[in-house]
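Subject: Two-chain model, handover and notes

Hello,

Please read the notes with the structure open.

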Amino acid sequence: MTDGHPGPGAAHPTPPDVPAAPDSPPAMQIRPTWGTPAVPAAPAAPTVPAAPAAPGHPPVPAEPTDQGGAAGGAEPRQRLHPLSPVLHGAKSLFVVIAGLSWSTLSRVGFGWFAVLVAVLALGATVLAVVSWYNTGYHIVGRELRVYEGLLWRRTRAIPLERLQSVEVVRPLLAQLTGLAELRLEVVGGGKTEAPLAYLSVADAARLRQRLLAVAAGTPARETADAVPPPAGDPAVDAAAPVAREPAGRPLHAVSNTDLLVSQLLTPQAFLLPVGVAFVVFQFLSEGSWSFIAVASTLTAMAGVLLQPVRRVLDDWNFRLAREADRLRIHNGLLETRMQTVPLERVQTVVVTWPLLWRMKGWLRLRLEVAGYSGGETDDRNRPDRLLPVGDRETGARIVAEVLPGVRLGALPLTAPPARVRWLRPLSARRLAAGLDERVFAARSGLLTRELALVPYARVQSVRVVQGPAQRRLRLATVHVDTAGGAGATAYHRDLAEAWALAAELTARVHAARRTR
Amino acid sequence: MNAAEPPQSPVSALEPWPDTVRWQPISTDLIWVELLRLALGLAVLLVGLAVGWAWHGHWLFGVGCAVVLLGGGWRAWTIVRAVHAWGYAERADDLLVRHGLLVRRLSIVPYSRMQFVDVSAGPLERAFDLATVQLHTAAAATDARVPGLRPAEASRLRDRLTALGEDRAEGL
């Protein structure tokens, strides 16, 4: 990684970045790999390098007076937006009310309840103010450093060359106040790293642009040959990050009616009338409408409907844009999210055809990025949707955009031998796998069909597994592992073919690496 | 498939590409390590069952003892075979690890994808002068563990892997 620095390719994305962020010209130009060289004018900024080493001192008392004037020094440490403790306090208000619950209200009466809520929320706000005062961040060289904590101080240095995606999230309250939260995904982090809550929208956009510029500048080859045609684009883009904020070539916008219809075409929505009818029938036959029964039924139904409703809320107004070699995903109704994923970081694209969507010919695209733990079940926190709903042509177009050269309709998929039906009597005919020019593709699933596409350059390892039943039938399964998500699996191939597949896959993995 | 040069048709599930890959066996001392481990587990179970038998006197405890012994014997036999089935091979660009008898597994890990290498040796392994090398990639599913190596061989493998990994490393 260090060898890339002096090269012209590495230096290229940086200079345009400097005018964009005038507060930090030398730090950006020098490009130190570690924090210390970031202080060319050392006396001007003593706290910055000293802070991680000796965190006992209070941090920056006031950032503009302390270091902002030191134009030649390292970048001053930034605070989060002053309104953020208020937002945190407001958020804790909901938590407090939910925690106290109705039973407390009925026991202590409204007046005392209000007092209790006020006291607790006030306490939470005071804590938020204290933590806001002690939280700071700045970019040192190729790292984002985040300082936090009053008693237990924590300094996190996030190496930006490991940055996988940046997300700007704006919950409802933040939208009302013009704030935003910035979330980073870093390889190796099981969870979202360093959520910076909250920044002003302009600050968040600027910081995101800078982080991406620093991250992309890492190995020269990544920016250089990721997308050859718009070679000049990243420079232009980075030059005016704020002015050209909504820039980028729009790829697709999902119509909200399609989204609604698609979520009505889910098993949950389909089963709801049946459930309602059942409940009504039960009540009518028994003739008793106890409060508990009604409440619990309603809760159960809300639980069932939660997923489709949440998907509608999350994917509302879904827009996809391409900005140089990055993908920009914008979605959300109550909580808007804007995620930026460098195309280099795409580990897997999964195409899904749910059963009920087939009558419409619809599909869904999912994007896997390293950094989210594979086992994370909470799909809300995995902004992995590349396309919540769309027809075949749209899907093919977006796949071709994300994985250049891949044609969804013309993948060289081959089916496993016919004897697989002994193992998978129903879905044997749905299984298929094949090696395309740049990706490995594997299809599976009877009711919900899935097609996983893994670029060869992103393959981490290849495994061939043969169980006892497969041994009888001379079959084997080939797994392709990736850093994020489940990878792709070619089930039940003929043994000889499985070996050939594994050999060819490894050969292509090496070739993909060399040509990059 | 549409391969440039399809490899020769393999003979067995554990022997792919017989003429291009030279499989290294692992030390047969691992059999003793595994047998001792098994014996310890069995001993705990048997003592528990025997105490129950002596105290309670129900015949089911006797049956339990017999089942545990039989199962242990069968497992001992499979351990011997499984250790012989375990092997690894260093190719120019990747490491191959194969293991398993009932479910046969082969992992192919390119050196360039390696994130870090673990060398570990438990007390039992140390008593038999053995060590385990494990290769980690960014994918959690990667399963490249080579147990039963002599310490010298383990450190050679580790050094070679790290050297090759540094050589070819790349970001994610």
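Predicted model: local features only at pLDDT ≥ 70, side-chain atom pairs only at ≥ 80, totals over all residues.

Residues are numbered from 1 along each chain as its sequence is written, and chains are lettered from A and ligands numbered from 1 in the order in which they are written.

Chain A has 17 helices and 19 strands; helices (H or I, at least four residues) and strands (E, at least two) are DSSP runs, numbered from the N terminus. Of the 516 residues in chain A, 39% are buried, meaning that 20 or more other C-beta atoms, placed from the backbone, lie within 10 Å of the residue's own.

Chains A and B share an open sheet of seven strands, in the order E19(A)-E18(A)-E17(A)-E4(B)-E3(B)-E2(B)-E1(B), with antiparallel pairing. Two strands count as paired if DSSP finds at least two bridges between them. At the edges are E19 (488-494) of chain A and E1 (24-25) of chain B, each of which pairs on one side only. Within chain A, E17 (461-466) and E18 (475-481) pair over five bridges, and Ser461(A) has Asp481(A) as its bridge partner.

The contact between the chains takes 37 residues from chain A and 34 residues from chain B, where two residues are in contact if their C-beta atoms, placed from the backbone, lie within 7 Å. On the chain A side, H17(A) gives the most, with twelve residues. By class, that side has 19 nonpolar, twelve polar and six charged residues; Ala, Val, Leu, Ile, Met, Phe, Trp, Tyr, Cys and Pro count as nonpolar, Asp, Glu, Lys and Arg as charged, and the others, Gly among them, as polar.

For chain B, an unreviewed UniProt entry lists residues 35-53 and 59-77 as "transmembrane region"; such annotations may be inferred rather than shown by experiment. In the model, residues 35-53 of chain B are 100% helix, with end C-alpha atoms 26 Å apart. Residues 59-77 of chain B are also 100% helix, and their end C-alpha atoms are 28 Å apart.

Regards

Technical notes. Buried ≥ 20, exposed ≤ 12 C-beta atoms within 10 Å, placed from the backbone.
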